Amino acid sequence: MTYSSVQVATDSVENKYSVILPTYNERGNLPIIVWLLAKTFKENDLDWEIIIVDDASPDGTQEIAKQLINVYHQDRIKLKPRTGKLGLGTAYIHGLQFVTGNFVIIMDADFSHHPKFIPELIRLQKSRNLDIVTGTRYASNGGVYGWDLKRKIISRGANFLASTLLRPGVSDLTGSFRLYKKEVLQRIISVVISKGYVFQMEMMVRARQFGYTIGEVPITFVDRVYGESKMGANEIVQYAKGVWQLFITI
Ligand SMILES: Nc1nc2c(ncn2[C@@H]2O[C@H](COP(=O)(O)OP(=O)(O)O[C@H]3O[C@H](CO)[C@@H](O)[C@H](O)[C@@H]3O)[C@@H](O)[C@H]2O)c(=O)[nH]1
Ligand SMILES: [Mg+2]
């Protein structure tokens, strides 16, 4: 056991970490991300479960998920599918209903969010009893690898727009590698109106509105190797509308 895993293991007996993993066409990525997650939790002596929210992926992601349930057991891996592609934000809302842990981790299934950062998210949460800890690509030694210039500009622009207009004081508003206390996630989610990728930004703005404490851990985001991003022009339009909506209502 490493020094860092000893620190995370301290006081972890009563805590359970539930990962909500939204998937759409992630057949190639799912087995390895689940393996890495299981390894990380075991090495750090943490109680865990993974809730896979698959939106009827045509590539057979759900078949892979069922095989993983057989390998890791149904107490650890849960498949909670939906009948169609209903968007990233509502996938978290759906998954949350099935969470049995007292902490929830949300992350992508395509290795852009590496499980190795989870012990750091947990360590920071524990050190200050924070309500939320968010991974950040845009502070300290965080970063993005593998994106072309266009995607980098979109992401930076989206963060700049929302931070300037809404001032939530979080350096990575659109990122989606986060740890929440379950009751905090439930409360914020109950008021969030966004359905797509804009959801992440609204979550931070609402969290500040409620006065929740938010910590940041620098992460490196590496673009996916298998498959394609599901972010399209429509998500960008929805994002801009979402920022404007919050600006005029908050
Ligand atoms: N269930 C479900 N899952 C979805 C959907 N759309 C995307 N996903 C899943 O959500 C994760 C992120 O989707 P990607 O398509 O890989 O997103 P990205 O372009 O890499 O975007 C990343 O950066 C954005 C901007 O920072 C983030 O907002 C986003 O969450 C993600 O981290 C993946 O696990 C993908 O399978 C959906 O409609 N339904
Ligand atoms: Mg991705």
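**Close-up views of a predicted model**

**View 1. Ligand 1 and its polar contacts.** In this predicted model, a polar side-chain atom of Asp55 lies 2.7 Å from a nitrogen atom of ligand 1. An oxygen atom of the ligand is 2.9 Å from a polar backbone atom of Ala109. An N or O atom in the side chain of Arg224 is 2.7 Å from an oxygen atom of ligand 1. On its own, ligand 1 has 730 Å² of accessible area (Shrake-Rupley method, 1.4 Å probe), and the protein covers 98% of it. A polar contact is a pair of N or O atoms within 3.5 Å.

**View 2. Helix α4 under cover.** Helix α4 spans residues 88–96, and eight of its nine residues are buried (under 20% relative accessible area, 1.4 Å probe, protein chains only). Among them are Leu88, Tyr92, His94 and Leu96. The cover includes strands β1, β2 and β4 and helices α7 and α8. Helices (H or I, at least four residues) and strands (E, at least two) are DSSP runs, numbered from the N terminus.

**View 3. Strand β7 and its partners.** Arg178 and Tyr180 point one way from β7, Leu179 and Lys181 the other way, and all are buried. β7 pairs with β4 in the antiparallel sense over four bridges (pairing needs at least two DSSP bridges). With β5, the antiparallel pairing has three bridges. Leu179 stands opposite Ile105 and also opposite Val133.

**Notes.** Residues are numbered from 1 along each chain as written, with chains lettered from A and ligands numbered from 1 in written order. Local features need pLDDT of at least 70, side-chain atom pairs count only at pLDDT 80 or more, and totals for chains, interfaces and linings use all residues, while side-chain values use heavy atoms, without hydrogens and water.

Note on methods. Buried means under 20% relative accessible area, exposed over 50%, partly exposed in between (1.4 Å probe, protein chains only). Contact means heavy atoms within 4.5 Å. A polar contact is a pair of N or O atoms within 3.5 Å; within protein, one must be able to donate a hydrogen and the other to accept it, and residues adjacent in sequence count only if both atoms are side-chain atoms.
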